[in-house]
Amino acid sequence: RIAAVDPGDRGVHAFLHVSGDLALEQAAAVDAARAAGRTAASPLAGVPLALKDIVVQQGAPATAGSRILEGWMPPYDATVTTRLLEAGVVILGKTNLDEFAMGSSTENSAYGPSRNPWDLDRIPGGSGGGSAAALAAFEAPLAIGTDTGGSIRQPAAVTGTVGAKPTYGGVSRYGVIALASSLDQVGPCARTVLDTALLHEVIAGHDPRDSTSIPEPVPSVVDAVHRGRADGVAGMRIGVVRELGGEGYQPGVLDSFRAAVAALEAAGAEIVEVSCPHFRYGLAAYYLILPSECSSNLARFDAMRYGLRVEPAAGQPVSAETVMSATRGAGFGAEVKRRIILGTYALSAGYYDAYYGSAQKVRTLIKGDFDQAFGAAGGGAGCDVLVSPASPVTAFRLGEKVDDPLAMYLNDLATIPGSLAGIPAMSVPSGLAADTGLPVGLQIMAPALGEAAMYRVASAFE
Ligand code: GLN
């Protein structure tokens, strides 16, 4: 299937690397274990998966969508990779992404964009557009994504697939190339809610090698899906966030969203409107916090440790500084440079309090809005989950926003608040938009470690 749909000028281009022999070895090991009468460790044993190329796997190259890592072979497995392999999941290859996961369309990949299988002239979302496109094009039934500001949820929304961002710290970040460490989270993607939940349980859980990994037991999300299928959403209290809708949202997306809310109400959920007044500052805060953290994280690409090394131009002295500057100048793309410059500025002496410090305060206020919406005490709305559109628009055309970074950033309007607060959130297909005929995703957000409620509501859409 990958050979049939991925290559060529108008191919889906979901994969940057296909792991032929490595994947066959993993599959053979699952068969051998079965033949020897050993029961599979997981119901996903033998099921193929597409791995976003920002999670490292020994034996496969890792690029993070950047020229600066071209040719780098990671010497170890990420914890997520280890857990997948232990469960017998077969890793088909590494999927395309915006460079270092910065973007909403995969057009920032140094290796060319992926295409949306629903319409090959449109974007599959980003940064994890390769993983989402692989699912939508039936190249793999499972995929791994990473979500810092929406990179699992927005691609899921615009490709009609399912993607979940677990509670921050719920899945290990060990072996995941860092974008913004206080926001990054690995998560499961699939075509159905049950498959997503099965994958969630394989990858989640405490890891002593990640200092932000949470020690609490993994929420039973597979049970939650079964419960949702049996009992539906009757009696659940679902909040509609007033600030996530209206201006900036495509009419067809809003119509589909209202229909989804009506369906939840008809199924017995109690719908309440909640206000989260600080969400409107989310985008501004995120685009200070993220560049600040990434300018620091990307300092490790110094031409000495990994991948690319470019010699300084003729006539220039060869020093650590000139080699670093030539390599970073050639190896990083425009969006990455833009964010490094922004972040370095926001963190510099004299500006730190005004920019980075203020953004962190806004982050606390946004977290407070969520506490108010989920909490019952002190006038809280006491919601089990909150819902909104996952993406303000359906898949847009390749090239449409590529020269307009602000227009690109607006795709994250609905997903960023949940990222800043570290709560679990997912996108589940809720139908097609009447105005474009393209898929719309419903975002379901739950309090920290409240994944069970989130999956229960998601199961109503299968
Ligand atoms: N579109 C967001 C950004 O460009 C999402 C990034 C992400 O979640 N990795 O920052």
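**A friendly note on this predicted model**

1. Of the 462 residues in the protein, 56% are buried. Please keep in mind while reading that this is a predicted model.

2. On the overall fold, the protein contains 15 helices and 11 strands. Its C-alpha atoms fill a box of roughly 75 × 65 × 45 Å along the principal axes. The radius of gyration is 21 Å, which agrees with the value near 23 Å that a compact globule of 462 residues would have.

3. Contacts tell a story about sequence distance too. Taking contacts between residues at least 6 apart in sequence, 75% join residues at least 24 apart.

4. An unreviewed UniProt entry carries the annotation "active site" for Lys 52, Ser 127 and Ser 151. These residues span 100 residues in sequence, but no two of their C-alpha atoms are more than 10.8 Å apart, so they gather at one spot.

5. Where does Lys 52 sit? Lys 52 belongs to strand S2, which covers residues 48-52. Lys 52 counts as buried because it has 33 C-beta neighbours inside 10 Å, and 20 or more are enough for that label. Beyond its close sequence neighbours (up to four places away), Lys 52 touches residues including Thr 95, Leu 97, Ser 131 and Ile 144.

6. Ser 151 lies in the loop between strand S4 (142-147) and helix H5 (153-159). With 36 C-beta neighbours inside 10 Å, Ser 151 counts as buried.

Key:
Residues are numbered from 1 along each chain as its sequence is written. This is a predicted model: local features need pLDDT of at least 70, side-chain atom pairs count only at pLDDT 80 or more; totals for chains, interfaces and linings use all residues. Helices (H or I, at least four residues) and strands (E, at least two) are DSSP runs, numbered from the N terminus. The radius of gyration is taken over C-alpha atoms; the globule rule is 2.2 Å times the number of residues to the power 0.38. A residue is buried if 20 or more other C-beta atoms lie within 10 Å of its own, exposed if 12 or fewer, and partly exposed in between; C-beta atoms are placed from the backbone. Two residues are in contact if their C-beta atoms, placed from the backbone, lie within 7 Å. UniProt positions are given in the numbering used here, feature names are shortened, and annotations may be inferred rather than shown by experiment.
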